[in-house]
Amino acid sequence: MRAHCQCGKLSADISDDAQAMTVLCHCTDCQRRSGSPFGVMAYYDAAAVTLVGEATEYERATDSGSTFTTGFCPNCGSTVYARPGKYPGMIGIAVGAFADPSFPAPVRSVYEQSRHPWVGLPDTMPRHPMGRDS
Ligand SMILES: [Zn+2]
Ligand SMILES: [Zn+2]
């Protein structure tokens, strides 16, 4: 599987047997990062992902005192990946970068405290006001 930015210069190749854990986040940082009301990232074992092309990284602090670093294409600006400081063995891939409507749904919705009220999600999806432990 391959995810890539709008212009195609930055991509991520994911091994076929890799298992994604997809999380939907309504936090205001994800809103600003994505320019959208929420962000969706699929997390993989970092060993299963090969990044190809030049990236610019932006690191921010998280509520839990860790860091969250996003990698975006310096040419077109699309976020392609993220490295959660709390889970150094994982890498997140922006689900939109797969441009695949059949991509599996998120396992949880977090930071519902800043969810835009018109965003509706399946009743079966676990919801959390802040992080997964909230
Ligand atoms: Zn690009
Ligand atoms: Zn977020």
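This is a predicted model: local features need pLDDT of at least 70, side-chain atom pairs count only at pLDDT 80 or more; totals for chains, interfaces and linings use all residues.
Let's start with the geometry at the zinc ion (ligand 1): its four donor atoms subtend angles of 106 to 117°, so the arrangement is tetrahedral, a label given to four donors when all angles lie between 85 and 135 degrees. For reference, the ideal angle for four tetrahedral donors is 109.5 degrees.

Residues are numbered from 1 along each chain as its sequence is written, chains are lettered from A and ligands numbered from 1 in the order in which they are written, and side-chain values use heavy atoms, leaving out hydrogens and water.

So, who holds ligand 1? The SG atoms of Cys5, Cys7, Cys73 and Cys76 lie 2.3 Å from this zinc ion; donors here are N, O and S atoms within 2.8 Å of the metal, or 3.2 Å for Na, K and Ca. Along the chain, their spacing reads C-x1-C-x65-C-x2-C. Cys5, in the loop between β1 (2–4) and β2 (11–14), and Cys76, in the loop between β7 (67–72) and β8 (79–84), are 71 residues apart and link distant parts of the chain. Strands are DSSP runs of E, at least two residues, numbered from the N terminus.

Cys5 is buried at 2% relative accessible area, while Cys76 is partly exposed at 25% (buried is under 20%, exposed over 50%, partly exposed in between, with a 1.4 Å probe and protein chains only).

Now the zinc ion (ligand 2): Cys25, Cys27 and Cys30 coordinate it through SG at 2.1 to 2.3 Å, with spacing C-x1-C-x2-C. Water is not among the atoms, so sites may look incomplete. Cys25 is buried at 12% relative accessibility, and Cys27 is buried at 9%.

Conventions: Four donors count as tetrahedral if all angles lie between 85 and 135 degrees; four count as square planar and six as octahedral if opposite donors are over 155 degrees apart and all others between 65 and 115; anything else is irregular. Helices (H or I, at least four residues) and strands (E, at least two) are DSSP runs, numbered from the N terminus.
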